[in-house]
Protein chains: 2
Amino acid sequence: MANWFSRNRGRIEVPKLRSRSDEAATTKVDLHEFSPPLLEFLGRAAYVQLSLFENLGRAVSTAPTMEAKASLGRVAELSIARHRELAAEITKAGGKVADAMQPYRAGVDEFERVTRGGDWYETVVACYITAGFLDDFFARLSVGLASEPAKRIAAIYARESGESLLAEQLTVAISEHPRLESRLAMWGRRLVGDTMLVAGSALHFTENHKSDAARVEPVFTELIAAHTRRMDALGLTA
Amino acid sequence: MANWFSRNRGRIEVPKLRSRSDEAATTKVDLHEFSPPLLEFLGRAAYVQLSLFENLGRAVSTAPTMEAKASLGRVAELSIARHRELAAEITKAGGKVADAMQPYRAGVDEFERVTRGGDWYETVVACYITAGFLDDFFARLSVGLASEPAKRIAAIYARESGESLLAEQLTVAISEHPRLESRLAMWGRRLVGDTMLVAGSALHFTENHKSDAARVEPVFTELIAAHTRRMDALGLTA
């Protein structure tokens, strides 16, 4: 497998994507062995969520139509509500929200910068692709936390995220401007790479990197299969 | 009184501000005589609210500290929730959200452009001053609508807006950078002018402009007194 969760490399390589029929045969796996301590998990997840919200705010501001503006406003609300719920878990765990998020600021801000997109279409694809992947990732990583907070965190990630509203806006936009297709397909591939980097940096590995890698691989394979389905839903090649 | 609600002028003149003791003596007045039709009220109010939210999103993105980011995120959530509630009223009244907001887009976008501010401090003062004034204004204007929606709309504007969180962030910022004071005081005066323009354009006048002006005047006097208290709370001269 490609070594895409090592921390010591620049650009990651996206592994060969699996088809939908392969995916159906896999068992749903999680990342419980690699969960960080609770406050580390929450600080990172809460700040990632705030950064996803910031990108949505930008998408609302630059929306070309009133329909898009109104619809993205709803997604932005769901996104910032999820941030607030994660922040509340930090407080519950005895942490201070700002302090818990601080260590992840530089990394996540850089992620936010490279996934911002050059225009409204790229921004909305980024909101759709990165949030979809990271929600899925953090939900699986949360399984390894203490059972009480883990249950509440699973519930937070299980709530409506507005993904279908984003897909709807994008489907309309692509059908109206078919020339966007190849550009947005390429942008989607770049996004999944940057998103996997952010996800990978949240994993707590043991000393035995090689065996960890083997155990993490099936999870990322599933996450990428889900990404492929998200691109499929827009009619774009992953 | 200054003719600051006429639609046919450029820059408005801010009337002489009244002191707090004057204000305490006035009766609370509303604008029921000048309420527009329900869908017009809601379309404008919903789009103004979306634009206030956009400015908050910008304030979250550019916040200098994690504390500020986290706190403004909460205010942004309250703001977009209020937009969603106003949008739901449009649907309830038989309108389409995007269509109802469309007529106000150009005017409100221009308002948003001039109140955006040149840096984070100005943006947050704008969020605080313009939302405070306009919430107050729309609440009073809603009194003239049909009683069922009017009741629900009053409830929407009565809910927590996060104003105190904004004041808190600004008080901290000003105490840490006292040289901001004069610039932000001047910015606040400019903001109230632009905000009154947007408010004034929502009033439905009769043929008798002179008599309307006389009846509207006490309401704007109260709105400006409230603005003065908001500036006072920051230690800034209105």
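Here is a friendly note, in numbered points, on the predicted model shown above.

1. **Ground rules.** This is a predicted model, in which local features need pLDDT of at least 70 and side-chain atom pairs count only at pLDDT 80 or more, while totals for chains, interfaces and linings use all residues. Residues are numbered from 1 along each chain as its sequence is written, chains are lettered from A and ligands numbered from 1 in the order in which they are written, and side-chain values use heavy atoms, with hydrogens and water left out.

2. **Where the chains meet.** Start with the two chains: 27 residues of chain A are in contact with 27 residues of chain B (contact means heavy atoms within 4.5 Å). Together the chains bury about 2200 Å², with 63% of it on carbon and sulfur atoms. Buried area is the accessible area (1.4 Å probe) that two parts lose on being put together, summed over both. Met66(A), Glu77(A) and Arg105(A) supply 28% of the area that chain A buries against chain B, more than any other three residues.

3. **Pairs across the interface.** The rule finds four salt bridges between chain A and chain B; a salt bridge is a side-chain nitrogen of Lys or Arg within 4 Å of a carboxyl oxygen of Asp or Glu. Look for the side chains of Lys69(A) and Glu54(B), which meet in a salt bridge at 2.7 Å, N to O.

4. **Which parts of chain A touch chain B.** Helices H2 (38-62), H3 (66-92) and H4 (97-101) of chain A each give two or more residues to the side that touches chain B. H3(A) gives the most, with eleven residues. Helices (H or I, at least four residues) are DSSP runs, numbered from the N terminus. The residues on this side of chain A divide into 14 nonpolar, four polar and nine charged. Here Ala, Val, Leu, Ile, Met, Phe, Trp, Tyr, Cys and Pro count as nonpolar, Asp, Glu, Lys and Arg as charged, and the others, Gly among them, as polar.

5. The structure holds four cavities of 30 Å³ or more. A cavity is a set of points on a 1 Å grid over the protein atoms alone where a 1.4 Å probe fits but cannot get out, and lining residues have an atom within 4 Å of a point. Grid points are joined across faces, edges and corners, and a volume is the space filled by probe spheres set on the points. About 120 Å³ of space lies in the largest cavity. Its lining has 15 residues, and Gln49(A), Ser79(A), Ala131(A), Asp135(A) and Ser161(A) lie nearest its centre. H6(A) provides the largest share of this lining, five residues.

6. **The second largest cavity.** This one has a volume of about 40 Å³. Its lining includes Ser51(A), Phe111(A) and Cys127(A), and divides into four nonpolar, four polar and one charged.

7. **A link within chain A.** Over all chains, a search of the whole structure finds 42 salt bridges. In one of them, Arg215(A) pairs with Glu33(A), the closest N and O atoms being 2.5 Å apart. Arg215(A) lies in helix H10 (residues 209-233) and Glu33(A) in the loop between helix H1 (20-25) and H2 of chain A, so the pair ties together parts that are 182 residues apart in sequence.

Note on methods:
On a 1 Å grid over the protein atoms alone, a cavity is a set of points where a 1.4 Å probe fits but cannot get out, and a pocket is an open set with protein on both sides within 12 Å along at least five of seven lines; lining residues have an atom within 4 Å of a point.
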